[in-house]
Amino acid sequence: MQKKLPNVKRYGMEGSEAIAVLLDQVIYEGAQHGIVDVVAGLSHRGRISLLASMFGYPKDELLRKLRGGSEFPDDSPWTGDMIVDLAKPAAIRYDDLDATVNIDVLWNACHLDSGTPVAMGKSRVKDINIARAKKNKGHTIGDHVLSLSLHGDSSFAGQGIVAESLAMSGLAHFTNGGTVHIVNNNQVGYTTPASHTRVTRYASDIAKFADIPIIHVNGEHPEELARAAHLAVAYRQKFRKDIVIDVWTFRKRGHNEMDEPSFTQPAMYNAINKRVSAPAKFEEKLIASGHMTKEAADTVKREWLTSLNEAFTASETCAAKEPTRALRWRMLGSSTNYPVEKTTGVSIDTLYEVGVKSVAPGESKVHPRIERFHIKPRLRRLQDGHAVDWATAEALAFGTLLKEGYNVRLSGQDVGRGTFSQRHAMFVCQESEKVYVPLNHMDDGQTAQSSGQQQQQGKLEVVNSSLCEEAVVGFEYGVAVEDPFTLTIWEAQFGDFYNNSQTIVDGYIASGETKWGQQNGLVMLLPHGFDGGGPDHSSCRIERHLMLSNDPVDQHPVALPNIYVAYPSTPAQFFHLMRRQVKRNFRKPLIVAGPKTLLRLASATSLLSEMGPGTRFKPVLDDPSISNPRAVKRVMLVSGKLYYDLAKLKSEHPLGQHAAVVRIEELSPFPREELYSVLSQYTNASDFVWVQEEPRNSGAYSFAAPRVKQLLPEHAELRYVGRSEHAATCSGIETQQAAEHAELTCCAFEGLRGLVADLVIDNISIQHDQHQSLDEPVASVISAGASHRWANCQIYAAQSSDQ
């Protein structure tokens with residue numbers, strides 16, 4: 001390739017070619033221990049060579065990509081990725097073992113080592129699912145699947161996600177039976193010498209803090225690499241822990257083939273240029289020992305070179321093939337077209353049953369405060385038929401999915417109890433400290449139904465994670481892409497904390513399907529709201545997630561966007577969001593701006609009937625207090641918890657009936673049709689306002705405004721009411737934040753009297769012939785024949801207002 005494509009950056013393996021021997025031997029050793037699947041997270045360096053020589057990636061397709069073509073068919077909707085991020089599933093056959101090992105090569109983003117936790121999560125769930133399919137009751141995590149990660153020396157020492165991943169590798173709910181980490185230690189990072197990339201002697205020393213053993217081996221001796229592989233896999237199988245193989249090699253060329261390494265490492269490259277390559281040295285050794293003749297060696301090289309030349313010629317006309325999708329994903333459909341949403345409601349009897357069992361402590365002795373403030377209130381609400389709170393609706397969503405056979409994995413810091421002590425998905429016995437998860441015991445004590453009639457209940461995995469975000473979110477992404485039938489949720493303590501996982505959000509969650517065609521249904525629950533928490537405890541940065549959405553601005557979308565972003569305001573809406581996520585026949589990531597104060601707000605509750613049969617999530621909620629839409633002069637658009645403050649002020653305002661507070665519950669995809677249907681009722685409205693508590697340069701306003709304006713009547717404008725631009729999320733002074741909140745909510749109602757007066761004046765002439773008295777209520781003087789300006793709207797103009 002250096003001869004044919006000298007100007008292409010391929011990040012070759014020259015100098016560390018023997019790592020291919022190490023990888024092959026690790027997989028071979030694993031096969032001897034019963035490993036049937038390997039999840040391989042490869043680094044940039046050497047990826048192309050390994051894909052072609054070991055993992056069966058069609059060489060003509062690789063060369064097509066190197067020459068500027070796509071790794072997907074020409075009519076594919078996927079945009080592709082860099083050559084050093086390619087992946088395709090493979091299988092390696094070992095005839096002497098009569099074994100075939102499936103190789104799941106991961107797509108990975110370019111952020112160094114970001115694929116490490118993804119491989120961990122994917123391999124753990126893959127192993128568990130294989131054991132379930134085999135009904136292997138004596139299963140130990142790691143029996144069937146081996147996680148294999150290839151690293152560079154500088155990134156292994158320097159990237160924080162490596163330390164995070166190693167730290168959680170042995171934790172409950174995160175262990176995958178041990179990952180074999182291979183460090184390609186070429187002793188230089190880009191152009192930076194090892195002395196400037198770490199303070200330790202070895203690049204692999206970071207693993208010592210997690211008590212992970214390290215094998216150091218010379219990369220110029222393939223036999224030693226094979227012995228290292230044997231030792232590493234034996235250790236992993238015995239102790240089910242991570243192990244590191246630190247391979248000392250060199251880099252023949254620069255960071256890429258366009259670099260001149262002697263600019264910065266002249267002495268090192270003076271020595272490297274005099275060295276014979278490892279393959280050439282090993283060939284000489286084999287010939288000298290009589291294990292191979294020179295003619296046989298020449299034949300092997302000639303045949304390989306011939307296959308490359310043939311592939312190079314074929315690459316001009318070859319058609320790339322779509323990667324084979326895993327069986328579980330083939331059970332689902334395409335995520336490109338807008339779906340016909342099905343109902344996600346559940347029978348009232350089932351909801352009641354799940355609600356009661358969600359707080360049944362079994363034999364666990366619960367804390368008296370949990371008994372008083374959590375268990376008894378939930379039971380009382382259910383028994384009295386009252387509306388339920390947010391935590392109850394969440395438990396109902398999880399429990400009903402479990403009864404239908406789905407699994408739920410809820411991960412994050414303090415998720416068992418909940419950041420705001422609202423969830424209590426698990427009870428800790430006050431005497432033994434044993435953990436009891438009530439929703440996993442809903443079928444306890446029930447008489448088994450006849451064979452084949454009972455749906456096997458799924459499992460709720462409550463995962464109190466380590467105190468990190470990036471690696472944990474990467475792990476959960478790996479879970480989500482491996483098993484689409486598990487509702488995989490990561491919850492931040494506060495929404496702001498997701499910032500530390502931004503690289504995973506950008507490189508995998510938001511763009512993975514667009515680049516690789518790889519769907520994922522990960523849910524990110526991000527508590528959000530300005531309630532006195534101050535900067536870094538108030539905002540999940542809705543604007544950042546919306547910036548990642550490819551929902552079009554200027555036309556009605558035909559294809560679904562890459563991510564869903566929702567800011568629900570009721571427990572029932574959240575219930576339907578969670579169930580919808582796995583009841584669809586496709587998967588999209590879901591970002592939820594979750595509640596904080598709404599968790600205990602008396603008015604933020606929902607009746608079981610709102611989650612009953614025939615119900616579903618509603619992207620837009622109209623103002624329930626409006627009895628006469630023609631009386632409305634101002635329409636306020638809002639998302640999330642601010643609705644309740646505006647609704648309260650509206651109920652107290654003497655002209656409140658002339659203002660409608662409309663909730664946009666789902667921001668991406670933007671609900672154009674649903675919002676138009678609501679707005680077009682208000683034929684006399686002349687003032688449209690977007691109200692938000694976030695600063696103007698934050699929140700949903702910038703995303704929503706251009707989309708809303710397309711739905712408004714001709715000549716109508718969308719005004720902004722909210723905080724002005726601010727560099728920080730919000731003020732850290734509680735009194736200042738409260739004053740700002742009071743000002744913006746009051747500002748939302750300013751000028752309403754003048755609008756109502758204009759409405760009366762506009763209709764005097766229409767009502768004059770009927771001698772209408774102006775002493776009558778304003779709403780009654782509005783003519784049914786008032787100007788229907790919505791007929792001029794360009795979008796959805798053909799639709800009726802009652803649609």
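On a 1 Å grid over the protein atoms alone, a pocket is an open set of points with protein on both sides within 12 Å along at least five of seven lines, whereas a cavity is a set of points where a 1.4 Å probe fits but cannot get out; lining residues have an atom within 4 Å of a point. Grid points are joined across faces, edges and corners, and a volume is the space filled by probe spheres set on the points. The structure is a predicted model, in which local features need pLDDT of at least 70 and side-chain atom pairs count only at pLDDT 80 or more, while totals for chains, interfaces and linings use all residues. Residues are numbered from 1 along each chain as its sequence is written, and side-chain values use heavy atoms, with hydrogens and water left out.

The largest pocket holds about 1900 Å³ of space. Among its 46 lining residues, Glu17, Pro279, Lys301, Trp304 and Leu308 are the closest to the centre. Helix 10 provides the largest share of the lining, eight residues. By class, the lining of the largest pocket has 27 nonpolar, six polar and 13 charged residues; here Ala, Val, Leu, Ile, Met, Phe, Trp, Tyr, Cys and Pro count as nonpolar, Asp, Glu, Lys and Arg as charged, and the others, Gly among them, as polar.

Five cavities of 30 Å³ or more are found in the structure, and the largest cavity contains about 140 Å³ of space. This cavity is lined by 15 residues, the closest to its centre being Gln422, Arg423, Glu491, Pro595 and Leu599. Helix 14 contributes three residues, the largest share of that lining.

Leu599 also belongs to a second, separate core of 63 residues, which includes Val346, Met442 and Leu460. The largest nonpolar core has 136 residues, and Ile103 is among those with the most contacts inside it. A nonpolar core is a set of buried Ala, Val, Leu, Ile, Met, Phe, Trp, Tyr and Cys residues joined through side-chain atoms within 4.5 Å, where buried means under 20% relative accessible area (1.4 Å probe, protein chains only).

Conventions. Helix = DSSP H or I, 4+ residues; strand = E, 2+ residues; numbered from the N terminus. Buried < 20%, exposed > 50% of the residue type's maximum accessible area, 1.4 Å probe, protein only.
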